[in-house]
Amino acid sequence: MPAPERIPAGRVTAPAAGPAAPGPVGDGPDGPGPSDRELIAHGELTVRGRIREASNAVLYCSVSYRGRTAHCVYKPVAGERPLWDFPDGTLAQREVAAYEVSEATGWGLVPPTVLREGPYGEGMCQLWIEPEDEPGTDGTDGGTDGGTDVGAGDPGPAAPLLALVEDDEPGDGWKAVGSAEVGEGRTALLVHADDVRLRRLAVLDAVINNGDRKGGHLLPAPGGRLYAIDHGVTFNVDDKLRTLLWGWAGEPLTGEALEVLARLADALADGGPLATRLAELITPAETDAVRARVRELRHTGRHPEPSGQWPAIPWPPV
């Protein structure tokens with residue numbers, strides 16, 4: 001039976017939440033109350049529907065805790081489709097590990113994500129992000145301020161982050177990814193915005209070895225924030241980097257990125273906070289591989305380039 005079909009349809013109210021690591025206590029949107037992470041870690045989950053386009057079971061839920069309610073995504077381990085190159089039943093942990101690394105960078109690129117018990121067993125729970133209808137590319141976000149040396153262009157306040165153009169060059173404010181077939185024997189140039197938020201994400205993806213950075217995983221949010229989702233196929237010990245964000249390949253890393261990588265190296269040292277947290281989620285060999293990738297990025301001082309040993313672009317790209 002395909003993994004998503006192991007999860008029956010319907011509305012289910014969760015039992016009392018099982019053990020979960022408490023997140024930082026903070027204020028909700030309406031004043032004092034549970035933080036986003038505390039809400040999704042301890043709140044009561046009610047399944048509202050299933051996102052059927054996903055290859056694994058992805059359930060759309062409401063979550064309520066201490067007077068606060070929000071929406072979230074719940075991906076039970078029982079609904080994971082086995083993959084030949086990843087151990088079975090580990091995708092949820094990898095999603096949480098990607099969030100932990102994102103938080104350690106200070107960029108806040110991944111929505112709050114926890115591992116918890118739910119209506120269909122243990123799984124990943126992630127705060128639902130409602131994207132803007134017309135995403136902007138103004139280069140602003142709510143994370144660390146340090147992108148002034150990026151030189152990001154501005155394709156326009158309502159421009160998409162990805163586009164296909166018929167020109168041979170990407171144009172101002174855009175970075176070329178490669179040619180794409182668009183039907184009837186025609187090709188177009190696939191480009192992404194030269195955007196500080198995307199450039200930070202490209203660095204994060206290189207660190208976590210993201211094997212599936214698609215356009216549909218980019219969620220521009222109100223206030224200029226950019227979030228990225230779907231990090232189940234990450235942290236492999238082999239080079240699996242597949243992404244649509246190759247526009248900076250081979251270019252020098254920004255000063256901000258190098259400072260972030262230095263902090264990650266400290267946090268990943270034996271006994272460091274990030275190393276300790278990752279030990280609960282991925283294998284020692286995979287944590288060592290994260291250290292090696294951070295070390296290599298700091299040594300070269302450049303964005304990685306496609307290895308040529310693995311398809312560089314995910315399919316389908318969106």
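User: Which residue of β5 stands opposite Cys61?

Analyst: The residue opposite Cys61 is Cys72 in β5. This is a predicted model, in which local features need pLDDT of at least 70 and side-chain atom pairs count only at pLDDT 80 or more, while totals for chains, interfaces and linings use all residues. Residues are numbered from 1 along each chain as its sequence is written, and side-chain values use heavy atoms, with hydrogens and water left out.

User: What does β4 do with β3?

Analyst: β3 (residues 44-50) and β4 (residues 59-65) pair in the antiparallel sense over 6 bridges, and Leu45 stands opposite Val63 in β4.

User: Why are β3 and β6 said to stand at the edges?

Analyst: The open sheet of 5 strands has the order β3-β4-β5-β7-β6, with antiparallel pairing. β3 and β6 (113-118) each have a single partner strand, so one side of each is left without a neighbour in the sheet.

User: Why is α2 called oblique to α3?

Analyst: The axes, which are lines fitted to C-alpha atoms over the stretch in contact, with angles from 0 to 180 degrees between N-to-C directions, come within 11 Å and cross at roughly 130° for α2 (residues 91-105) and α3 (residues 196-208). Under 35 degrees counts as roughly parallel, over 145 as roughly antiparallel, 65 to 115 as roughly perpendicular and the rest as oblique, and therefore α2 is oblique to α3.

User: Which residues make the contact between α2 and α3?

Analyst: With contact meaning heavy atoms within 4.5 Å, the residues are Ala98, Val101, Ser102 and Thr105 of α2, together with Leu204, Val207 and Ile208 of α3.

Terms used: Two strands pair if DSSP finds at least two bridges between them. Helices (H or I, at least four residues) and strands (E, at least two) are DSSP runs, numbered from the N terminus.
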